Amino acid sequence: MCQLLGMNCNTPTDVTFSFAGFAQRGGRTDHHRDGWGIAFFEGRGVRHFVDHQAACESPVAELIRRYPIKSQNVIAHIRKATQGHVALENCHPFVRELWGRYWVFAHNGDLKNFQPRLHASFRPVGNTDSERAFCWLMQEMWKSHAGVPSVRELTLTLRELVPQIARHGVFNFLLSNGEALWAHCSTNLFFVERRHPFAHATLADEDLSINFAHHTTPKDKVAVVVTAPLTTNEAWTAFAPGELRVFVEGEAVG
């Protein structure tokens with residue numbers, strides 16, 4: 001299956017270190033060779049990069065590894081195809097607009113017999129179960145709220161909607177609107193919260209270490225969510241199966 005990487009921060013932060021290790025799983029240290037993608041929120045805008053090539057070989061991925069884009073919310077994905085052929089339109093993360101804001105979504109898993117009724121506002125471009133699930137979530141959130149809801153209200157709505165999809169199979173996902181990062185676990189998902197005093201971290205998939213104290217301030221907070229821990233010397237917390245967490249300003253709030 002695929003792998004996920006999400007970052008939520010209280011100040012714009014670059015994801016270069018985490019992405020360097022994560023991208024190696026796209027065909028070098030793991031078998032996820034069927035495409036990759038990453039999306040960075042910047043204010044109300046989104047920088048969105050996808051490629052159907054393996055992340056470890058993609059020139060676009062190399063650009064991201066060398067270009068420290070700063071963002072408070074980032075979602076990345078490396079793909080091992082289970083449904084949908086290897087093509088650009090099937091690469092995660094997917095992006096849609098709702099209530100005048102961009103939403104970004106990436107999924108790890110396999111949903112069986114999930115063919116929801118979708119109206120014209122939210123329709124998939126590709127042929128993956130993941131994009132269908134995203135479109136249905138957007139549609140049902142739109143139906144549930146007349147205007148832009150709070151993070152707390154959206155979390156409550158998602159807790160009602162997500163089990164309706166999860167009963168069809170494995171539904172690990174990341175979702176963000178640039179204000180918060182929602183993460184749901186069916187099988188495997190971990191997170192770490194980095195804050196003062198910052199320390200060294202060493203990647204598991206590449207010979208690379210960093211001393212975060214040299215790149216942060218005492219006020220900085222960073223939460224990273226991933227399918228499997230990226231570093232060997234940090235205390236990663238496992239999600240429970242069926243758990244939905246929301247991260248705001250670099251920390252778990254629910």
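**Group meeting talk: cores, a sheet and a cavity**

Let's start in the middle: the largest nonpolar core has 30 residues, and Trp103, Met141, Phe171, Leu175 and Trp182 have the most contacts inside it. By nonpolar core I mean a set of buried Ala, Val, Leu, Ile, Met, Phe, Trp, Tyr and Cys residues joined through side-chain atoms within 4.5 Å. Buried is under 20% relative accessible area, exposed is over 50%, and partly exposed is in between, with a 1.4 Å probe and protein chains only. At least two residues of this core come from each of β5 (94-98), β6 (101-111), α3 (129-144), α4 (151-166), β7 (169-176) and β14 (244-248). Helix α3 gives the most, with seven residues.

A word on the model before I go on. This is a predicted model, in which local features need pLDDT of at least 70 and side-chain atom pairs count only at pLDDT 80 or more, while totals for chains, interfaces and linings use all residues. Residues are numbered from 1 along each chain as its sequence is written, and side-chain values use heavy atoms, with hydrogens and water left out.

Now, which residues does Trp103 touch? Leaving aside residues up to four places away in sequence, the list includes Phe94, Leu98, Phe134, Met138, Met141, Leu175 and Trp182. Contact here means heavy atoms within 4.5 Å. There is also a second, separate core of 21 residues, with Val15, Ile64, Val74 and Leu230 among them. As background, nonpolar side chains in soluble globular proteins tend to be buried together.

Let me zoom out for a moment. The protein has four helices and 15 strands; these are DSSP runs numbered from the N terminus, helices being H or I with at least four residues and strands E with at least two. Of the 254 residues, 54% are buried. Among contacts between residues at least 6 apart in sequence, 71% join residues at least 24 apart.

On to the sheet. Seven strands make an open sheet with antiparallel pairing, in the order β3-β2-β4-β1-β12-β9-β13. Two strands count as paired if DSSP finds at least two bridges between them. At the edges sit β3 (45-51) and β13 (237-238), each pairing on one side only. Strand β2 (residues 36-42) pairs antiparallel with β3 over seven bridges, and Glu42 has Gly45 as its bridge partner in β3. Strand β1 (residues 3-14) is joined to β4 (residues 70-78) by eight bridges, with Gln3 partnered by Ile78. With strand β12 (residues 221-226), β1 pairs over five bridges; there, Gly6 is partnered by Val225.

Stay with β12, where we find Ala223. Is Ala223 buried or exposed? Ala223 counts as buried because its relative accessibility is 0%. Its contacts beyond four places in sequence include Gly6, Met7, Val192, Phe247 and Glu251. Ala223 and Arg195 are 28 residues apart in sequence, with 8.8 Å between their C-alpha atoms.

Last stop, the cavities. A search of the whole structure finds three of 30 Å³ or more. On a 1 Å grid over the protein atoms alone, a cavity is a set of points where a 1.4 Å probe fits but cannot get out, and lining residues have an atom within 4 Å of a point.

Terms used. 1 Å grid on protein atoms, 1.4 Å probe; cavity = no way out; pocket = protein on both sides within 12 Å on 5 of 7 lines; lining within 4 Å. Points joined across faces, edges and corners; volume = space filled by probe spheres on them.
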